[in-house]
Amino acid sequence: VDSQGNRNMALKSSLRQSSTKGSSSNGEGSVTQAPCKPYQVSVSFRFIFLTLLSSALLSFTVGRAVRVLLLEGPRGALLWPHLESSMRNRPDYHLGAGKSRRDLPLPQMMDGKEVPHTVYTSKNFDTAASATSSSVLVENTRSVADSKPEAKEESTCASEGGSCSRGKEPVEDDDDDEDDDDDDEEEHLPAGQHLLVDMKDVDGTFLNSEELLAQAMVDVVADSRLTLLSYHCHTLVPTGVSCVGVLLESHISFHTWPTEGVITLDLFTCGAAPLMPVLPVIERLFAIPRPPLFEGEEVPKPGVGWSHVLRGFRDAKAHGDTDALSSDDLGVDVLGYLFYDLKEEVASVQTPFQRIDIYNLIDSRSVKIADYQRSLSNDGSYQAQHPDLFAPNKVVFLDGVKQSTSKGDAGYHESLVHPCMFMHADPKRVAIIGGGEGATLREVLKHDTVEKCTMVEIDELMVTTSRQYLKEWSDCSDIVGSEEWCVDDPRADVRYEDAVAWFIDRFGEGVDEKEKKFDEDDYKPFDVIIMDALDPQVNIPFAEVLYKQPTFLQAVYDSLSEQGVIVMQLGDAPYISDPHDTIGRHENRAIITSHLLRMGFQSVHVYEEKHSDFDESWTYLVAMKDYTSRSLWYSNAAQIEVAIQNRIKHTHSGKSPLRFFDGATMMTYQTPHKAQEVVYCRNKPMPAGCDEATHGFSKSRPNVPISSFEVKTSQVGDHAGRGVFAKVDIPKGAHIGAEQSANSINVAPTTYDIIQTLAEEHDLADLDAVLEYLWGYGFDSNLYGETSVVVDSTILTFVNHGCNGTYNAATVTSTVTEMTAGAEEFNEEFFINDPYDLVVARHLPHNQNSGDVALRDIKAGEEILNNYLDFSTDEEDWKDYVRNLRNQCLGKVVGSITNVERGGLPSMKVWRDGK
């Protein structure tokens with residue numbers, strides 16, 4: 001292009017022109033080149049444009065050909081079976097061939113949400129079982145609020161500030177960066193909630209309509225404030241519909257069996273917000289009853305079974321309010337169990353202190369739903385006449401932990417209250433720690449000795465909720481002299497306070513008599529205290545305070561009267577394979593038992609009850625401030641029945657006020673379960689008494705039978721009378737007559753007291769003879785709280801006392817003799833009983849009747865001698881007992897039996913005449 005901008009191109013070249021001359025044959029001649037002349041070539045703009053355009057078209061053509069050959073060809077070959085599939089071309093069998101495709105509802109975005117960026121991928125397979133196949137994707141043309149102005153406020157993931165959505169939502173507050181970071185972390189937790197719903201007796205026409213089912217699915221998602229990205233449905237041959245919807249939060253799917261009237265549905269979402277509020281929506285939209293087949297037919301209501309399961313991996317405390325939902329009791333055993341015929345939420349209340357959940361349950365393993373429904377009729381059937389036997393089981397949960405049930409109400413509360421109440425001869429003042437359901441108060445008020453019952457419950461809303469939804473628990477209307485609501489009983493004093501602070505403020509160390517700031521009545525001691533609080537296995541701070549704080553427990557101990565008794569529930573009973581309570585989840589149980597013993601309780605017992613309607617037997621602990629209260633604990637069935645008759649209030653209905661507890665039940669509490677003993681003995685170091693020998697009879701010890709002994713005149717002296725001698729050598733540690741020791745005569749404390757009382761009041765020779773026999777041949781025992789008498793029924797009853805420590809057979813070894821014991825001072829060595837010894841508690845008859853063992857090698861012909869100091873259990877009689885044994889050993893007096901045989905007066909007559 002020249003400098004003037006002319007639109008042509010000049011190319012200049014210098015060329016040499018050449019010409020050639022001919023030459024002769026002789027080669028003479030030459031070639032001469034002429035000089036080149038310059039020339040110009042001009043190319044037009046049109047030529048350039050057409051050249052570039054042609055190049056571009058050629059490149060496009062080649063590229064397109066390559067794409068078709070390398071990409072489109074294989075893809076078309078892959079999709080060809082699907083594109084030519086009869087599934088797409090098959091007529092709609094339900095609407096008839098040739099009809100247009102059905103109009104399925106479109107998923108809609110909620111207000112305030114944007115369609116997220118997603119990639120939609122699907123693949124269909126040809127199948128002869130599918131009549132139609134439909135896929136529908138989300139649109140953002142209108143909002144749900146526009147299409148459903150009356151949408152309910154029930155919500156799941158997106159409710160009240162919590163969202164589990166992984167999609168994009170408008171951010172309203174850009175300043176709260178910290179919260180945004182937390183939300184981002186929350187949104188991506190690998191956890192979710194899974195709701196499974198099974199329905200039966202549903203309308204078959206509805207279950208076979210893809211349009212109606214799809215609309216119901218879209219409505220469920222919308223009402224639940226979830227985000228439906230797309231869904232895919234198949235109408236199957238001959239009947240049935242399967243659909244799956246892809247949610248921004250996860251998925252929803254179902255399958256139907258129209259002929260059977262059954263649909264199964266599952267809904268999975270991420271997030272911590274509760275999913276169960278969707279249940280009523282699902283039931284409303286999917287549980288469509290079938291029309292009656294004939295006029296007057298009673299159409300059954302569709303049955304709904306469901307389960308709720310937490311999925312994935314989560315930190316329950318950091319992931320919203322899911323403690324209750326993740327618990328074993330509520331979360332797993334109830335919400336996660338699909339096969340309840342009835343699972344109905346009665347109430348769910350969040351108080352300032354805890355979450356209360358109440359459910360009505362019918363488990364098909366115990367009650368059939370048909371029996372329950374028939375019990376509601378008036379057809380005269382057994383079910384209708386006894387509706388209470390087929391009613392749903394109402395279950396109460398606190399923070400997801402089962403607390404009580406209508407089926408186990410009597411079993412739990414009566415076994416908690418009445419054993420300890422009957423351990424006190426005349427309980428007038430009673431305190432309840434906890435007991436918000438009101439049932440513990442109800443049982444206490446059945447005792448006519450009670451003048452005041454103070455219930456200290458921190459959660460007032462728990463009490464009012466129980467009154468509203470658990471009326472049976474606190475119903476005292478049938479008790480003569482009480483009120484319809486137990487809290488209104490004039491003897492009830494309900495305090496909505498922290499029980500720990502309440503007891504410490506009134507009975508704690510340092511409470512000055514001159515500075516008392518409460519009513520004088522608050523400082524009066526209680527005869528019975530009942531702890532109906534949290535299970536010791538519950539790992540929350542308040543439970544830690546109840547069971548681990550010595551200051552509180554000491555205040556409770558100090559608040560008891562001299563004959564006071566305390567009882568508490570200790571959670572599920574141990575298995576025989578469990579470690580000791582100090583290790584593992586029962587640590588609080590071990591700690592509180594240790595505290596009670598250290599504070600000075602004289603007798604502590606554990607017992608179990610299987611009928612409290614918990615999964616396992618339930619454990620209770622009762623502790624007595626005075627050792628003699630053990631005699632009431634070991635009352636026989638007849639004595640308990642008499643006490644019930646004399647003390648328990650009558651009812652207006654005439655029915656028994658006690659539905660569960662009686663004398664025979666009480667006797668089952670007196671002996672701990674074998675598992676309790678085994679776990680108790682697993683402590684380190686092993687408690688004294690856990691070795692086999694102390695259980696009464698040990699196979700590791702040889703036994704010398706009664707036939708190896710004979711009765712002759714004692715060698716102790718003329719005052720001693722008869723004695724027992726060995727006919728064979730007896731090795732150290734051997735049992736002496738163990739095979740006959742179980743045949744001893746046992747006189748219970750109450751029986752012994754009756755005999756003594758009658759003998760004191762009446763001069764009857766027969767009674768004097770009975771007492772002389774018991775005193776002369778028997779020995780005292782206080783294992784049952786007060787003095788009982790045991791008489792050996794074999795010749796071993798003639799075994800004498802070994803004076804000055806010469807005894808060679810006994811149950812225990814002692815260094816104290818009648819000569820060294822202080823007659824003026826009570827020697828506690830012979831009276832110390834471990835207040836909490838589960839081995840002794842389980843083997844009382846064995847320990848009392850097990851007989852003696854040889855303390856050293858005993859030669860044939862040697863007399864068997866005991867230490868009679870072992871037989872004294874009465875502190876009041878200690879002085880006379882020691883002095884009498886000492887005088888017998890010195891030859892100053894003879895024994896009571898020898899005295900009577902020699903013509904002396906019976907001991908009782910001497911005592912009575914002296915009085």
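User: Which side chains meet in a salt bridge at 3.0 Å, N to O?

Analyst: Those of Glu443 and Lys446. A salt bridge here is a side-chain nitrogen of Lys or Arg within 4 Å of a carboxyl oxygen of Asp or Glu. This is a predicted model, where local features need pLDDT of at least 70, side-chain atom pairs count only at pLDDT 80 or more, and totals for chains, interfaces and linings use all residues. Residues are numbered from 1 along each chain as its sequence is written, and side-chain values use heavy atoms, with hydrogens and water left out.

User: Is Glu443 buried or exposed?

Analyst: Glu443 is buried, at 0% relative accessibility. Buried means under 20% relative accessible area, exposed means over 50%, and partly exposed is in between (1.4 Å probe, protein chains only).

User: And Lys446, buried or exposed?

Analyst: Lys446 is buried, with a relative accessible area of 6%.

User: How many salt bridges does the count come to?

Analyst: The count is 24 salt bridges.

User: What does Lys452 meet in a salt bridge of 3.6 Å?

Analyst: Asp493, with the 3.6 Å taken from N to O. This pair links distant parts of the chain, 41 residues apart. Asp493 sits in strand S18 (residues 492-495) and Lys452 in strand S17 (residues 452-456). Strands (E, at least two residues) and helices (H or I, at least four) are DSSP runs, numbered from the N terminus. Both Asp493 and Lys452 are buried.

User: What meets Lys452 at 2.3 Å?

Analyst: Asp521, in a salt bridge from N to O. Again, distant parts of the chain are linked, here 69 residues apart. Asp521 lies in the loop between helix H14 (499-507) and strand S19 (526-532). Asp521 is partly exposed, with a relative accessible area of 23%.

User: Which residues are linked with these in a network of salt bridges?

Analyst: The network links Arg429, Lys452, Asp493, Arg495, Arg506, Asp521, Asp522 and Lys524.

User: New topic. How many disulfides does the count come to?

Analyst: Four disulfides. A disulfide is a pair of cysteine sulfur atoms within 2.5 Å.

User: Where do Cys233 and Cys243 lie?

Analyst: Cys233 is in strand S7 (residues 228-236) and Cys243 in strand S8 (residues 241-247), so their pairing ties together parts that are 10 residues apart in sequence. Their sulfur atoms are 2.0 Å apart, forming a disulfide. Cys233 is buried at 0% relative accessibility. Cys243 is buried too, with a relative accessible area of 5%.

User: Is that disulfide right-handed or left-handed?

Analyst: The disulfide of Cys233 and Cys243 is right-handed, because the torsion about its S-S bond is about 120 degrees.

User: What about the torsion for Cys803 and Cys889?

Analyst: That torsion is about -90 degrees, so the disulfide is left-handed. Cys803 lies in the loop between strand S30 (800-801) and strand S31 (809-810), and Cys889 lies in helix H26 (residues 878-889). The pair therefore ties together parts that are 86 residues apart in sequence. Cys803 and Cys889 are buried.

User: What does Cys681 join to?

Analyst: A disulfide joins Cys681 to Cys690, with S to S at 2.1 Å. The torsion is about -85 degrees, so this disulfide is left-handed.

User: On to the core. How many residues has the largest nonpolar core?

Analyst: It has 48 residues. A nonpolar core is a set of buried Ala, Val, Leu, Ile, Met, Phe, Trp, Tyr and Cys residues joined through side-chain atoms within 4.5 Å. Those with the most contacts inside this core include Val197, Phe254 and Trp306. Helix H6 (residues 210-223) gives the most to this core, with seven residues. A second, separate core has 45 residues, among them Val417, Val567, Tyr669 and Tyr784.

User: What does Trp306 touch?

Analyst: Not counting residues up to four places away in sequence, Trp306 touches residues including Leu195, Met276, Tyr337 and Lys343. Contact means heavy atoms within 4.5 Å.

User: Last one. Where is Ser781 found?

Analyst: Ser781 is in strand S28 (residues 778-781). Ser781 is buried, at 7% relative accessibility. Leaving aside neighbours within four places in sequence, Ser781 is in contact with Glu786, Thr787, Ser788, Gln848 and Thr873.
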